[in-house]
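Here's a quick tour for anyone meeting this structure for the first time. Take a look, then read on.

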Amino acid sequence: MDATSVREVNYGADEAAMQVYLKDGETRALKLGNRGPVHYTSSGKLHPDIIEAYWQYGFYIFEGVYCDKELEDIKTDLRDILERLPIAKGATLDAKGRQAIGANCEAPTLFWSKPLADPFGGTDLANGRHPVKMLEPTPATDAPKEIVYLILGSLQFSDACLRAYGHPDLLAIAEGINGPDFTPFSDAIFIKEPGRGASVAWHQDGVTHWDAPDWDDGSHGFNFMMQLYGCTPANGLWVVPGSHKMGRVDIKELVAKAGSERLPDAVPFVCGPGDLAITNRQCLHGSFANTSQDWRVTLNFGCHRRRSVLGVAGGGLHNAPTVYDETRIQKRSRIIGYAIDARRQRFPNEKSFQYAPFSENDNSYKWDEEAKASMKDYNLLDLSI
Ligand SMILES: O=C(O)CCC(=O)C(=O)O
């Protein structure tokens with residue numbers, strides 16, 4: 001985003017402790033061995049060192065996956081998305097009087113918050129999985145009443161975001177971690193405006209498999225988190241390394257023990273523009289209100305193992321609960337096909353990813369106006385576990 005001048009805001013009485021926490025966290029994060037460029041074995045498989053580090057820590061940061069040209073495409077689309085947001089919560093028009101993004105969607109799209117607030121923490125929303133409210137700094141007096149901090153079903157609003165999903169490295173990572181028959185989950189854009197971005201209270205994702213007899217470290221899949229502008233300890237996601245192995249964590253107890261939401265074992269993502277992180281959804285994670293002067297925009301693309309969703313009753317968090325069968329999974333997976341073809345049209349010299357379930361079923365998908373129209377409300381088919 002273009003440099004915006006935002007009135008300075010801070011954590012008030014907690015500011016000094018917060019700054020120490022951010023700095024210490026960054027030092028701890030950079031000591032972990034879970035970042036670097038994506039690399040492969042001689043047979044083209046995701047390198048086992050990466051896979052091992054991912055399973056050890058529950059997250060991995062792939063540096064420099066997206067080139068500048070592609071980042072510029074995404075920034076252009078992001079500007080357009082921001083311009084097309086409703087003028088206020090509940091409005092159907094944007095500031096130019098056009099139909100606003102999400103206004104004609106049946107599926108949930110826009111999530112609003114007061115600036116620097118924590119809309120989920122300490123509430124029963126999303127199965128009560130965010131039990132503790134994060135500190136809510138006071139916004140500047142000229143800040144809007146409410147801001148959009150999360151957009152679901154995001155790929156219907158941006159060709160550039162769709163193409164980012166079709167990146168051959170991203171899909172090869174999905175294959176390396178979740179197997180050649182990996183499936184989608186859900187897509188989103190997290191927007192952390194400087195001086196305004198909301199926090200996301202500590203939580204673990206996943207609602208279906210925690211008590212299953214075959215539960216393991218990968219039962220609820222992982223999220224890709226592509227960093228458009230990079231991220232810092234002040235605006236990025238924080239993760240407790242290794243917590244994906246712990247089962248359900250007692251978040252209230254952890255916070256009580258720490259004496260604040262500054263959990264001592266957590267580390268922040270520290271990323272440059274175009275880095276691509278993956279985060280196990282079972283990891284304890286969250287992010288603080290963005291009092292910094294820097295934008296953080298994350299493109300989230302969720303990814304599951306097929307056996308975690310096939311024949312499973314969905315959790316109902318993203319859409320109506322139902323049992324996911326092959327037909328449902330195939331319908332939702334068509335977005336991968338569109339993403340690959342949209343990307344091939346924009347970057348014709350790049351080697352496209354071959355998604356095994358398409359080859360097996362002789363499916364091919366073409367990205368054109370008809371396909372684009374069919375993306376409306378595609379997230380009603382998200383595979384929500
Ligand atoms: O990016 C963030 O701040 C929150 C992301 C998150 O909680 C998630 O993807 O589950």
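## The overall picture

The protein chain has 11 helices and 12 strands (DSSP runs numbered from the N terminus: H or I of at least four residues for helices, E of at least two for strands). What you're looking at is a predicted model, where local features need pLDDT of at least 70, side-chain atom pairs count only at pLDDT 80 or more, and totals for chains, interfaces and linings use all residues. Residues are numbered from 1 along each chain as its sequence is written.

The C-alpha trace spans about 60 × 50 × 40 Å along its principal axes. Of the 385 residues, 47% count as buried, meaning that 20 or more other C-beta atoms, placed from the backbone, lie within 10 Å of the residue's own.

β6 and β11 (residues 285–287) run antiparallel, joined by 2 bridges. V200 has S287 in β11 as its bridge partner.

## Around the ligand

V200 and S287 turn up again here: together with F190, D205, N223, L237, H285, T298 and N300, they surround the ligand (each has its C-beta atom, placed from the backbone, within 6 Å of it). β11 and β12 (296–304) are the elements giving two or more residues to this shell.

Note on methods
Two strands pair if DSSP finds at least two bridges between them. A residue is buried if 20 or more other C-beta atoms lie within 10 Å of its own, exposed if 12 or fewer, and partly exposed in between; C-beta atoms are placed from the backbone.
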